[in-house]
Amino acid sequence: MSSRSNTPAFWFIAPSVIALLAIGLAPILFAVFNSLHEYNLARPAAGKPFVGLENYLTVLTDGTFWSSLGRTVTFLVTAVPIQIAIGLWAALLLHRPGLSFMRSVARVSLVIPLATTYAVVGLIGRLIFNREFGVANDMLGWVGIPVTDWLGDPTMAFVALIIMDVWQWTPFCTLILLAGLSMVPKETEEAARLETPSALRILRHVQMPFLLPGLTAILILRTADVLKEFDKIFTMTRGGPGAATELISVYIQRVGFRVFDLGLASAQAVVLLVFCIVLSRLYIRYVYKEAEL
Amino acid sequence: MRAYATALAAAAAMTVSGQALAWSLEEAAAPYEGTSIKAVFLDRPGYKAAAELVPEFEERTGIDVTWETLPYENSRERQVLNFVGGGDIDVALVDVVWIGEFAANGWLTPLSEFYDDPALADPDLALDDFFPVLLDSFGTWDGVVYGLPFDNYSGLMFYNQCMLEEAGFDGPPETWTELMTEYGPALTDADANQYAFALQSRRGETQSADSFMRVLWPFGGSLLDEDFRSNLTSEESLRGLQFRQDLMEYMPPGIVDYDHAEAVDALAQGQVAMITEWSAFYPTLADADQSTIVDCLGVTTEPEGPAGLKPALGGFSLAVNSGSSTDEQIASWLFIQWITGQEMARDFVEAGGVSGRMGVYEDEALLEAYSYIPPMVQSWEADTAVASFRPRFPEWPELSEIIALDGTRMMLGEVDVEEGAADLGDKVEEVLDDAGYYDGDKPLLK
Amino acid sequence: MSAEAAATRRRIAPVGHFLGLAVVVLTSIFPFYWMVTTSLKTRADAVARDPVWFFSPTLANYREALFDSGVAHALLNSTIVASCTTLLAVVLGTPAAYALARYEFRGKRELWFWYITNRMVSPIVLAVPVFLIANSLDLIDTHLVLILIYLTFTLPIVVWICTDQFRGVPVALDEAARLEGARAWTIFWRINLPLAMPGVVVSAILSFIFAWNDLLYALVLTRTQARTAPLAATSFMSGYELPWGVIMATGTMIVLPMVIFAMLVSGRLVQGLTMGAVK
């Protein structure tokens with residue numbers, strides 16, 4: 001890089017930094033402030049007294065908070081491996097030579113789930129998995145599976161939500177892994193094919209090193225996205241039945257905007273933010289490891 | 001001649017006093033012509049009825065009435081945010097269980113400000129013509145009237161007479177026990193996807209009000225005792241909750257995901273033989289476009305429990321947002337007075353609404369045309385109605401959230417009834433303790 | 001493996017490949033297909049106990065959604081909000097991206113990572129305080145508040161993708177221009193920005209899609225005037241009646257334009273979703 005002045009850089013960057021400080025950082029500081037106060041919107045007479053760390057203490061001892069976080073983790077460790085497995089299978093199909101027209105059709109069709117508005121994904125899920133007139137039960141009936149109560153049963157509702165998540169996010173994995181596969185030098189791959197007919201061995205010894213960065217990215221980004229998961233659940237199950245599908249964001253929204261306990265909701269949000277920051281540190285550390293900056 | 005003169009004088013006097021007494025909506029509204037007010041409506045029959053009638057009010061008064069239709073589950077949030085943040089809602093919709101919260105926070109204007117003003121009060125207002133239980137529970141908090149009953153419900157039992165007859169019953173069960181022990185087994189055929197009963201139990205107010213509270217009262221139980229301590233672990237309350245658990249055998253699977261729509265639909269499509277639902281759903285069930293059982297539809301009071309007939313009580317009053325401008329408040333009052341008035345009651349009922357006026361139900365023709373009216377009126381009568389079916393204090397929404405979650409978990413068998421009731425009782429007392437009811441300074445109002 | 005078996009394998013392989021790809025295509029399309037067909041069904045067909053596969057389509061649901069349920073207004077709101085936030089993100093983000101690509105300065109790495117952190121933060125963290133701030137500033141139910149809050153994710157997207165794009169523009173062009181006395185802004189505006197246009201367009205489209213798809217912020221920050229389309233779609237769930245045809249018609253109108261946009265940039269969709277970590 002040249003030795004010229006860096007002053008212009010400041011002017012180029014300042015507006016975006018100021019904007020992000022104002023809309024991204026200031027609210028977070030305000031949330032921290034609120035989290036130290038008792039603040040219920042539906043109790044204006046009670047005012048907004050300072051309560052120190054009381055809200056955080058409530059978060060730590062709140063079984064519902066931790067069980068919704070636990071549920072979020074369960075969701076994550078169930079959905080993501082499925083997405084990676086199916087995503088890898090699809091990526092290998094798309095990478096394989098031949099049938100080039102069919103492959104481009106498949107590639108384009110993968111865009112549909114990714115572009116579908118999350119809230120609408122939930123609405124579609126609620127329609128498809130309806131016990132009485134949903135098409136899921138109808139299709140399962142063709143292969144003799146009895147009528148399943150998808151959204152009324154806690155386990156099945158969780159499963160249905162995972163199915164919709166798998167539908168929406170597997171293409172993301174596919175496209176990332178496909179990008180990794182295309183990084184494998186053609187000659188190396190062809191040489192390997194001549195040596196062994198086993199696709200599995202090629203995958204393990206030749207392609208895997210190129211897939212690893214993508215896999216790391218998938219793991220971290222999907223974790224962040226599951227912590228964000230709200231829209232789809234809100235429209236599909238609203239966290240029910242019972243609390244079967246109440247993931248962390250749904251729970252915080254309920255405390256904040258249904259119980260209107262904004263002090264507690266802020267404390268919960270701050271705790272969640274800590275998780276988010278840890279995640280992004282990991283992302284930066286493992287994914288951007290070699291970024292030339 | 002003399003007699004004639006006297007008569008003439010008397011007539012003149014009458015005209016003069018008549019002018020002084022004659023109150024008309026048009027005149028009362030004249031200063032507020034052009035004012036625009038906004039109400040909150042739900043997607044339920046009573047609001048469609050009101051929407052049909054609104055143009056008449058607009059024409060007579062020049063006041064412009066708009067409304068926003070909200071899902072019930074969002075309507076409290078939306079209104080609280082509106083009160084706190086200063087939104088555009090003038091006519092508040094107050095569920096029986098919100099009156100305490102809305103009134104105690106000063107969000108509603110006491111209606112006496114309007115009905116004590118002769119220029120604004122319709123001489124035919126007749127507050128005493130409302131069913132006392134409705135005015136008291138939906139509209140009154142701590143002795144002050146804030147809202148007039150508008151969308152009024154009693155829990156009723158709707159049933160499919162044809163299914164009952166086919167199973168060998170002449171009529172609906174009279175008691176909950178009978179419903180479970182006799183009607184349950186006879187009307188349930190899980191393989192054919194047929195069930196005796198459906199109790200809407202979706203998490204939310206549906207779970208806490210329609211499902212949880214509904215099984216407490218008839219069995220002699222209640223949520224709170226006189227000192228506001230949990231009464232859930234009393235023998236009676238537990239009996240009610242256990243009954244609900246046992247009755248699930250005769251309900252469709254996934255009943256914890258049934259909201260009003262699903263329960264009404266299950267009856268309308270012939271999947272279940274009986275439901276206990278709000279009277280307001282009668283028009284839906286009696287509408288051939290939405291119901292396949294119009295000719296088989298029967299309606300009666302809810303079944304009795306060991307404690308007698310203790311039907312669910314619910315409904316909404318219309319109230320005036322104290323944050324609106326004076327003109328908007330007065331225009332809102334005139335609208336509320338008009339739509340809930342004696343004069344409109346019949347039109348309102350015929351358009352699909354449920355009036356809270358006693359007078360209108362003395363009309364035999366109406367009673368005959370709408371079979372839901374007699375059992376509903378019976379349920380509202382003074383010796384039957386449970387005015388505090390759900391506590392109406394400001395803490396209810398928070399309790400409702402807790403009951404909705406733990407109640408569904410109980411139904412799902414994730415917690416056992418006795419343990420769940422004890423646990424729930426602790427959580428309820430914790431909220432009420434925080435609210436200061438146990439310190440002795442806060443009046444025990446519900 | 002015998003030679004014969006290997007030969008058989010080679011012969012059936014394309015069939016397996018074809019079937020596999022067919023499964024990928026069908027499953028990707030099916031829920032979308034079901035949404036679109038339901039939106040064209042009558043009320044009775046939409047909730048028929050045995051799902052209906054063939055039916056005579058009707059546009060009644062679209063009419064009802066657009067004209068009776070205010071979805072047209074909501075779509076307009078979504079368009080306004082998504083366009084403005086995208087425009088703002090491009091205006092603020094491209095100079096920053098250019099600076100990150102061209103200049104060396106202290107704290108550059110940290111700055112870059114801070115942008116990335118914004119990608120990870122769950123919206124519910126911001127929703128509570130932003131609601132309170134917007135409420136006290138009287139910004140609830142305005143387009144402005146959504147336009148601004150959406151910058152938290154649109155701006156990082158623009159910065160990431162465009163930084164990458166600017167790196168691809170030869171530095172020699174900058175040097176040449178500088179020798180002719182061009183100022184920094186001119187070099188950026190006249191030379192680099194036009195050359196980086198493909199990246200700018202991609203990042204703009206992705207920003208638009210993400211802003212369009214949001215529900216949570218719209219739920220918390222809007223009421224009626226600024227209600228966006230996804231919120232309109234959920235408002236049908238009143239718990240009393242679910243007009244599935246109308247809901248799916250609304251869903252189709254929300255999703256279809258996004259699918260088309262996404263297809264236009266399908267090659268770089270992943271880059272947008274991973275913030276440039278994977279190309």
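Biologist: Among contacts (heavy atoms within 4.5 Å) in chain A between residues at least 6 apart in sequence, what share joins residues at least 24 apart?
Modeller: This is a predicted model, in which local features need pLDDT of at least 70, side-chain atom pairs count only at pLDDT 80 or more, and totals for chains, interfaces and linings use all residues; side-chain values use heavy atoms, with hydrogens and water left out. Residues are numbered from 1 along each chain as its sequence is written, while chains are lettered from A and ligands numbered from 1 in the order in which they are written. For chain A, the share you ask about is 66%.

Biologist: Thanks! How many helices and strands are there in chain A?
Modeller: Both come from DSSP runs numbered from the N terminus, with at least four residues of H or I for a helix and at least two of E for a strand. The C-alpha atoms of chain A fill a box of roughly 75 × 75 × 30 Å along the principal axes. Within chain A there are 13 helices and 0 strands.

Biologist: Let's zoom in on helix α4 of chain A: which residues are exposed on its other side, away from the buried ones?
Modeller: Helix α4 spans residues 100-109, and Met102(A), Arg103(A), Ala106(A) and Ser109(A) are buried there. These four are on the same side of α4(A) because they cover an arc of only 125° around the axis, the arc being that of the directions from the helix axis to the C-beta atoms. On the other side, the exposed residues are Ser100(A) and Phe101(A).

Biologist: Turning to chain B, which residues of chain A lose the most area to it?
Modeller: In this pair, 24 residues of chain A are in contact with 29 residues of chain B. About 2300 Å² is buried between the two, 46% of it on carbon and sulfur atoms. Together making up 23% of what the chain A side buries, the residues that lose the most are Arg43(A), Gly242(A) and Arg258(A).

Biologist: How many salt bridges are counted between chain A and chain B?
Modeller: One example is Arg43(A) with Glu101(B), whose side chains meet at 3.6 Å, N to O. There is also a network of salt bridges linking Glu246(A), Arg254(A), Arg258(A), Glu77(B), Arg203(B) and Glu401(B). Between chain A and chain B, the count is 7.

Biologist: Within chain B, how far apart in sequence are the parts tied together by Arg60(B) and Glu26(B)?
Modeller: The closest N and O atoms of this salt bridge are 2.8 Å apart. Arg60(B) lies in helix α3 (residues 45-61) and Glu26(B) in helix α2 (residues 25-29), so the parts tied together are separated in sequence by 34 residues.

Biologist: Arg390(B) pairs with Glu205(B); is Arg390(B) buried or exposed?
Modeller: The salt bridge has its closest N and O atoms 2.8 Å apart. This pair links distant parts of the chain, 185 residues apart, with Arg390(B) in the loop between α17 and α18 and Glu205(B) in helix α10. Glu205(B) is buried at 11% relative accessible area; at 4%, Arg390(B) likewise counts as buried.

Biologist: Last one: what is the closest N and O separation for Arg346(B) and Asp363(B)?
Modeller: Both ends are partly exposed, Arg346(B) at 32% relative accessible area and Asp363(B) at 26%. In their salt bridge, the closest N and O atoms are separated by 2.0 Å.

Note on methods
Contact = heavy atoms within 4.5 Å. Buried area = accessible area lost by both parts, 1.4 Å probe. Salt bridge = Lys/Arg side-chain N within 4 Å of Asp/Glu carboxyl O. Buried < 20%, exposed > 50% of the residue type's maximum accessible area, 1.4 Å probe, protein only.
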